[in-house]
Amino acid sequence: EKAISVTGSLHPDETVTVSSEVPGRVSRVLVDFGNSVRKGQAVAELDAREYEWQLDRAKASLAQALARLGLSPGEEDKPPQSTSAMRQMEAQMEDARSKYGNAAKLVKSGDISQERFTEMEKAYLARKAALDLARDEMRTVMAGIQALKAEIKLAEKRRNDTVVRAPFDGAVGQRMVSPGQYVRDNAPFMTIVKTSP
């Protein structure tokens, strides 16, 4: 059997520096130099409390906007035809329209004065304008609800980004952070080396 002795370096197929997409304080480092890791395994965690609070605040804002329309959580995509306030305004407008219609007949026959007719016309137009404004406000609140849904998705992503995960199977080649350390977004946490092939 023959053997050759040579000097050289082994280079991994892949090496990557993992980092967090969000800033924060490192709460735990779950692996150390030389440890094997699996793809998707958590290797470090940031304190997620601030991101939890942001998510809770976004959810509370959404619940508040839904309540303004008489909707419950989970009904974000079901815009109501009207709200209870709008139904009340519709009833008031219909009442004002009926009085205005009657007054139009009575002013022609001289049974009511022109001034009284003008008052009823103004009351009807004011009720109609208030209802139109309420409809516009409902559309604005619905647009705000869609924006809050997007804000919740972003807050959930940022919270999830507090857990740093291994991108592939390999081993920790270098560790660069310690618990308690504050890191900026995209700060290097560790290098992971693909050990096979």
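Trainee: Where is Thr191 placed?
Mentor: In this model, which is a predicted one, Thr191 has its place in strand E8.

Trainee: And is Thr191 buried or exposed?
Mentor: Thr191 has a relative accessible area of 10%, and because the limit for buried is under 20%, Thr191 counts as buried.

Trainee: Which residues does Thr191 touch?
Mentor: Leaving aside residues up to four places away in sequence, Thr191 touches Thr15, Val16 and Thr17, and also Ala171, Val172, Gly173, Gln174 and Met176.

Trainee: How many bridges join E1 to strand E8?
Mentor: Five bridges join E1 to strand E8, which covers residues 188–193, and the two strands run antiparallel. Within that pairing, Thr15 has Val193 of E8 as its bridge partner.

Trainee: What is the order of the strands in the open sheet?
Mentor: The sheet is made of four strands in the order E1-E8-E6-E3, with antiparallel pairing.

Trainee: Which are the edge strands, then?
Mentor: The edges are strand E1 (15–19) and strand E3 (36–37), each of which pairs on one side only.

Trainee: Switching to helices: how does the span of H1 work out?
Mentor: Helix H1 runs over residues 49–68, and at 1.5 Å a residue its 20 residues should span 28 Å; the C-alpha atoms at its ends are 29 Å apart, which agrees with that expectation.

Trainee: Which residues of H1 are buried?
Mentor: The buried ones are Tyr51, Leu55, Ala58, Leu62, Ala65 and Leu66. Looking down the axis of H1, these buried residues fall within an arc of 105°, so they line one face of the helix.

Trainee: What is exposed on the other side of H1?
Mentor: On that other side, Arg49, Trp53, Arg57, Gln64, Ala67 and Arg68 are exposed, whereas the cover over the buried residues of H1 includes H3.

Trainee: Now the rings: how many aromatic pairs does the count come to?
Mentor: The count comes to two aromatic pairs. In one of them, the ring centres of Tyr100 and Phe117 are 5.5 Å apart with their planes at 25°, so the pair is stacked.

Trainee: What about Tyr100 and Tyr124?
Mentor: Tyr100 and Tyr124 also form a stacked aromatic pair, at 5.5 Å centre to centre and with 10° between the planes. This pair too links distant parts of the chain, with Tyr100 in helix H2 and Tyr124 in helix H3, 24 residues apart. Tyr124 is buried, with a relative accessible area of 10%, and ring pairs link Tyr100, Phe117 and Tyr124 into a cluster.

Trainee: Last one: what lies over the face of Phe168?
Mentor: Lys194 lies over the face of Phe168, at 5.4 Å from the ring centre.

Conventions:
Residues are numbered from 1 along each chain as its sequence is written. This is a predicted model: local features need pLDDT of at least 70, side-chain atom pairs count only at pLDDT 80 or more; totals for chains, interfaces and linings use all residues. Side-chain values use heavy atoms; hydrogens and water are left out. Rings of Phe, Tyr and Trp (its six-membered ring) pair if their centres lie within 6.5 Å; planes under 30 degrees apart count as stacked, over 60 as edge-to-face and the rest as tilted. Buried means under 20% relative accessible area, exposed over 50%, partly exposed in between (1.4 Å probe, protein chains only). A charge sits over a ring if NZ of Lys or CZ of Arg is within 6 Å of the ring centre and within 35 degrees of the ring normal. The expected span of a helix is 1.5 Å times one less than its number of residues. The arc is that of the directions from the helix axis to the C-beta atoms. Contact means heavy atoms within 4.5 Å. Two strands pair if DSSP finds at least two bridges between them.
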